[in-house]
Amino acid sequence: MLDRAGRRYDPAEPRWCGDDGSPLMMEPLPGITREQIDRDTPSQWRYRAALPLPPSLRPVSLGEGRTPLLARHLAGREVAVKVEALNPTGSFKDRGTSVMISALAHQGVGALLEDSSGNGGSSVAAYCAAAGIDAQILAPESTSPSKLLQSRLHGAHVELVPGSRQATAEEALRRSRTRFYSSHNWHPQFLQGTKLIAYELWEDLGFTVPSAVVMPAGAGSLVLGCALGFTELHRAGHIKSVPRLLVSQPARCSPLVHALNAGIDHVEPRTWGPTLAEGTAIAQPVRDREVLAAIRASNGAATTVEEADLRNATLQLARTGLYVEPTSAQVVAATAQFIAQGHLAPDESAVLILTGSGHKADAAMARLEASTSRSPL
């Protein structure tokens, strides 16, 4: 493992940050061939050969991955949607959590602390339950009740923190002095799990990749996961280029978009407002420098989505049979913008990643339904 200064750490040691307090990344890996895919394994662990894990490790798996890739007509064109809402706990976070908790269980970690706006917490709670690890989850007091309920039913101790998502992260850092901190936003093995979506798309598409991948970003673990996976495939010579990473954030909380458009390499402190897309309401992403660098390296772009467009996109997807939370649905509105801005040409292929289920945001979905009855699409 490497910190931002390039210092190395033993990956067998349970740690979540470098000695300088910076986030850790696993060292670059060579990628795998299609022959190394374990086709008898019906989960993302079919790509285990791509993971930096010891052979003796036993995976903690709930069957994550192998989500559908469906054709849809959205934003005025044909696209493919990767329905990550159908992962075991209802979000893409299960990909990273499975690998992270597998590594921690193998290292003998018996109790941990996690902070989350909802999906990450419920995912960690589920996989800790499967692994027999005691989980404590901190969440903003505004978190969707359904996400909190799921975490509690899995046996985690859930505590609400007043204020913003950033306030919850800061409280978790304070408590990390007395309990092992296993934040999905900090732990490097989490990114190793999210990168497997790139391998899965490669296999889904007959061992090719799309021109672009459109995804929402809060902390940016999905962006970094895609960058890691596609870069490994490119390094191994299996694809000609890394797909462009096209990133969406809600206009009310879009620090990565502002930094990208300002041409700077980090997020600047700023107060943001509440948004329907609660899963991406992260004002100070831990890995901001790495996320911004990944978007730029792929010749990608980022855009913001207004609240009214979040509503319309969520309802539009629901009308095609896809029940996803507004955090996920923003990619539909963003795709229309990327087309208009010239980032996605008519002859280019695109995959939109739908990160979380609408069942995880019942209150927000109920408000959308009420607004639809007053002003139908």
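**Close-up views of a predicted model**

**View 1. R66, in the segment before β1****.** With a relative accessible area of 33%, R66 is partly exposed, since this value lies between the 20% limit for buried and the 50% limit for exposed residues. The model shown here and in the other views is predicted. R66 is not a glycine, yet its phi is positive, at about 55°.

**View 2. N299, in the loop between α9 and β8 (301-305)****.** N299 is another residue with a positive phi, about 60°, that is not a glycine. Its relative accessibility is 61%, and N299 therefore counts as exposed, the limit being over 50%.

**View 3. Helix α4 (residues 165-175) and its buried residues****.** The buried residues of α4 are R165, T168, A169, E171 and A172. Viewed down the axis of α4, these residues fall within an arc of 160°, so they line one face of the helix. An α-helix has 3.6 residues a turn, so residues three or four places apart point the same way. The cover over the buried residues of α4 includes the strands β3 (111-115), β4 (134-140) and β5 (157-161). At the start of the helix, S164 places a side-chain oxygen within 3.3 Å of the backbone nitrogen of Q166.

**View 4. Y181, in the loop between α4 and α5****.** Y181 has a relative accessible area of 1% and is therefore buried, as this is under the limit of 20%. Apart from residues up to four places away in sequence, Y181 touches W16, L113, D115, A169, A172, L173, S176 and W186. A169 and A172, both among these partners, also belong to the buried residues of α4. The side chains of Y181 and D115 are joined by a polar contact of 2.5 Å. P14 lies 167 residues from Y181 along the chain, while the C-alpha atoms of the two residues are 9.7 Å apart.

**View 5. Q189, in helix α5 (residues 188-194)****.** The relative accessible area of Q189 is 5%, which means that Q189 is buried, given the limit of under 20%. When residues up to four places away in sequence are not counted, Q189 touches M26, P52, L53, G96, V99, M100 and A103.

**View 6. Helix α6 and what it packs against****.** Eight of the nine residues of α6 are buried, and the helix is mostly covered. The buried residues are L196, I197, A198, Y199, E200, L201, W202 and E203. They pack against the strands β1 (69-74), β2 (77-83) and β9 and against the helices α1, α5 and α7. G206, which follows α6, has a positive phi near 70°.

**View 7. The largest nonpolar core, with 45 residues****.** Within this core, Y199, M215, V223, C226 and F230 touch the most other members. Two or more core residues come from each of α1 (93-106), α6 (196-204), β6 (212-216), α7 (221-235), β7 (244-250), α8 (255-262), α9 (288-297) and β9 (350-354). Helix α7 gives the largest share, seven residues. Neighbours within four places in sequence aside, C226 is in contact with I197, A198, M215, T231, L245 and I353.

**View 8. The largest cavity, with about 210 Å³ of space****.** In total, the structure holds three cavities of 30 Å³ or more. The largest is lined by 22 residues, of which F92, K93, G218, G279 and T280 are the closest to its centre.

**View 9. The largest pocket, with a volume of about 540 Å³****.** This pocket is lined by 27 residues, and the closest to its centre are S142, R165, P274, T275 and A281. R165 is also one of the buried residues of α4. The elements that give two or more residues to the lining are α4 and α12 (362-374). Helix α12 supplies three lining residues, the largest share.

Note on methods. Residues are numbered from 1 along each chain as its sequence is written. This is a predicted model: local features need pLDDT of at least 70, side-chain atom pairs count only at pLDDT 80 or more; totals for chains, interfaces and linings use all residues. Side-chain values use heavy atoms; hydrogens and water are left out. Buried means under 20% relative accessible area, exposed over 50%, partly exposed in between (1.4 Å probe, protein chains only). Helices (H or I, at least four residues) and strands (E, at least two) are DSSP runs, numbered from the N terminus. The arc is that of the directions from the helix axis to the C-beta atoms. Contact means heavy atoms within 4.5 Å. A polar contact is a pair of N or O atoms within 3.5 Å; within protein, one must be able to donate a hydrogen and the other to accept it, and residues adjacent in sequence count only if both atoms are side-chain atoms. A nonpolar core is a set of buried Ala, Val, Leu, Ile, Met, Phe, Trp, Tyr and Cys residues joined through side-chain atoms within 4.5 Å. On a 1 Å grid over the protein atoms alone, a cavity is a set of points where a 1.4 Å probe fits but cannot get out, and a pocket is an open set with protein on both sides within 12 Å along at least five of seven lines; lining residues have an atom within 4 Å of a point. Grid points are joined across faces, edges and corners, and a volume is the space filled by probe spheres set on the points.
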